[in-house]
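Please keep the sequence and the model in view while reading.

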Number of protein chains: 2
Amino acid sequence: MSEFDLIRRYFADIGPVRPDAALGVGDDCALLEIPPGQALAVSIDTLVSGVHFFPDCDPERLGHKSLAVGLSDLAAMGAEPAWSTLALTLPAVDEDWLRSFSRGFARLSAAHGVRLVGGDTTRGPLSVSVQVHGLVPPGGAIRRSGARPGDRVFVSGTLGDAGLALRQILDGADVDEALRGRLECPEPRVRLGRGLRGLATAMIDLSDGLAADLGHVLQASGVGAELELARLPLSPMVADVVQRAGDWSLPLSSGDDYELCFCAAEADAARVEAIAQAAGCQVTAIGTLSKVSGLRCRLPSGDLLETGMTGYDHFSAG
Amino acid sequence: MSEFDLIRRYFADIGPVRPDAALGVGDDCALLEIPPGQALAVSIDTLVSGVHFFPDCDPERLGHKSLAVGLSDLAAMGAEPAWSTLALTLPAVDEDWLRSFSRGFARLSAAHGVRLVGGDTTRGPLSVSVQVHGLVPPGGAIRRSGARPGDRVFVSGTLGDAGLALRQILDGADVDEALRGRLECPEPRVRLGRGLRGLATAMIDLSDGLAADLGHVLQASGVGAELELARLPLSPMVADVVQRAGDWSLPLSSGDDYELCFCAAEADAARVEAIAQAAGCQVTAIGTLSKVSGLRCRLPSGDLLETGMTGYDHFSAG
């Protein structure tokens with residue numbers, strides 16, 4: 001089977017046909033028509049075998065996750081997903097693997113109305129690069145730089161679940177399947193992100209851990225934050241680890257949460273809550289921004305935690 | 001040095017600042033503003049170490065080539081390059097390597113007015129994925145499917161030079177530096193491609209070899225072709241190999257030419273020539289399309305060559 005047959009078979013028809021994609025897989029370029037008054041939001045991410053996922057991971061879940069991480073970036077801009085491209089590097093042609101991978105990719109594509117419009121398949125060590133393309137009114141895009149002193153800091157979902165799953169896997173322990181699902185099948189918070197247009201002053205998605213990612217918002221906005229750790233939304237399993245070990249690194253600095261962290265005026269807290277409910281998503285206020293730069297974490301005891309913590313770094317802790 | 005510092009230092013300011021990129025490197029997404037009446041042409045390509053380039057290749061040339069292959073796809077649509085994204089996977093942080101790679105990438109970006117607007121840097125086996133984004137009036141895009149019986153087939157430049165360089169390298173022979181440049185530093189035919197809007201009936205860029213790539217045009221257009229091999233534009237070195245061995249595989253089926261192959265009405269041949277001259281690019285008519293499907297090659301002797309030849313296949317001949 002040639003490269004071309006392979007692409008054609010598994011990737012020619014993923015996601016809904018969209019009239020705004022004039023040309024998709026099968027020419028030198030895909031041709032996309034952006035509606036007037038919309039900006040295009042784009043983000044590219046690579047997942048590498050042995051670094052971002054285990055070589056024996058379920059290919060269907062990998063297909064899901066390789067798109068999910070990009071959709072999470074679109075969510076963090078308040079953008080509406082529209083198209084994707086896929087650059088897949090494979091050590092060999094394995095039809096079972098391709099079938100499963102494309103099924104996971106296709107299911108999430110369908111759920112968010114994303115059409116796969118182009119790609120490249122090459123031979124080499126297993127890795128997946130996906131670029132997502134979304135639409136957002138230029139003034140509606142939620143950047144990292146708009147947060148103001150006095151804003152409340154919010155996060156969606158719960159923190160540290162993926163990190164705990166990874167820890168269990170690396171420890172050779174029994175892995176809780178719900179936690180494993182959080183690591184391998186993150187749900188991008190697209191509806192929530194879009195709903196927060198005009199309301200969130202700044203937003204980021206949590207891929208490298210709360211401390212590091214919120215740090216980017218603080219830096220871009222020129223503000224600081226004080227978090228109340230007692231308020232961090234934790235699953236019972238993560239809460240148990242934190243309580244027993246007195247170690248907050250799971251919710252603060254483990255990666256792969258793919259939740260949204262955003263800032264909004266105190267006065268808008270009720271609107272934020274209503275939008276979260278409409279999006280079917282839990283949202284929790286975890287702290288407050290101030291003019292004093294840096295990130296401070298108040299422990300449940302009332303003490304302030306020294307935070308030299310940074311998040312997952314692909315080169316130092318990969 | 002963290003991933004973020006690294007990206008910031010070498011990739012934060014590549015290509016000219018463009019007012020239509022509202023947000024570039026350093027947020028969850030880049031935000032691009034597409035002018036009204038233009039469609040967006042996108043293409044993604046991956047170059048893998050040991051497959052598409054030698055592990056010890058000059059990083060500056062790799063930076064050039066990783067963008068050039070995408071610009072060649074834009075050229076083949078008649079699109080005007082505008083933005084790029086870069087997903088770089090590196091085994092380790094090597095500042096010398098990054099400096100050289102980014103210099104090659106930056107120089108070609110500047111030459112074509114392409115702004116690098118986003119990316120991802122990860123740890124893993126060396127590979128480079130680049131997505132290019134170009135602009136083209138929707139009706140002006142040149143597809144693979146518009147060729148008609150009676151059209152002439154043209155190619156730009158010369159064929160088989162990169163293939164001969166690769167052969168010399170693999171044979172351990174002295175490598176001609178001009179040929180090596182054709183392999184490692186291809187010049188995307190952007191001006192020629194754009195100039196052919198409204199004139200070329202179909203176009204493709206030659207990455208997998210003339211026979212395979214023209215084959216895609218023939219299939220998409222529902223036509224066949226007869227090529228006159230004596231007319232193929234060959235450098236003296238490739239011509240010598242063909243003549244001595246009587247083997248046409250270099251110009252017909254070696255990869256990495258990154259020339260354009262296109263079709264146009266016989267009556268437009270003079271206009272094609274004028275556009276090629278304006279683009280500073282040689283163009284040669286090499287054959288004619290017909291209703292009879294398939295690709296036939298007439299040898300200089302007058303005999304028809306049986307063509308079971310296909311091009312470079314990343315999975316079978318990689």
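## Salt bridges

A salt bridge here is a side-chain nitrogen of Lys or Arg within 4 Å of a carboxyl oxygen of Asp or Glu. One network of such bridges links A:Arg61, A:Glu177, A:Arg180 and A:Glu184. Over all chains, the rule counts 44 salt bridges.

This is a predicted model: local features need pLDDT of at least 70, side-chain atom pairs count only at pLDDT 80 or more, and totals for chains, interfaces and linings use all residues. Residues are numbered from 1 along each chain as its sequence is written, chains are lettered from A in the order in which they are written, and side-chain values use heavy atoms, leaving out hydrogens and water.

## A link across chain A

A:Arg194 and A:Glu80 form a salt bridge, 2.7 Å from N to O. The pair joins distant parts of the chain: A:Arg194 sits in helix 6 (residues 190-195) and A:Glu80 in strand 4 (residues 80-90), 114 residues apart. Helices (H or I, at least four residues) and strands (E, at least two) are DSSP runs, numbered from the N terminus.

A:Arg194 is partly exposed at 26%. A:Glu80 is partly exposed at 32%.

## Helices 4 and 5 of chain B

B:Asp161 pairs with B:Arg182 in a salt bridge, with the closest N and O atoms 3.1 Å apart. B:Asp161 lies in helix 4 (residues 161-170) and B:Arg182 in helix 5 (residues 177-184), so the bridge ties together parts 21 residues apart in sequence. B:Asp161 is buried at 3%, while B:Arg182 is partly exposed at 22%.

A salt bridge also joins B:Glu184 to B:Arg180, at 3.3 Å between the closest N and O atoms. These two residues are four apart in helix 5 of chain B, so about one helical turn separates them. B:Glu184 is buried at 14%; B:Arg180 is partly exposed at 23%.

## Where the chains meet

In chain B, 63 residues are in contact with 63 residues of chain A. Contact means heavy atoms within 4.5 Å. The rule finds four salt bridges across this interface. One of them pairs A:Asp27 with B:Arg144, the closest N and O atoms being 3.7 Å apart.

Key
Buried means under 20% relative accessible area, exposed over 50%, partly exposed in between (1.4 Å probe, protein chains only).
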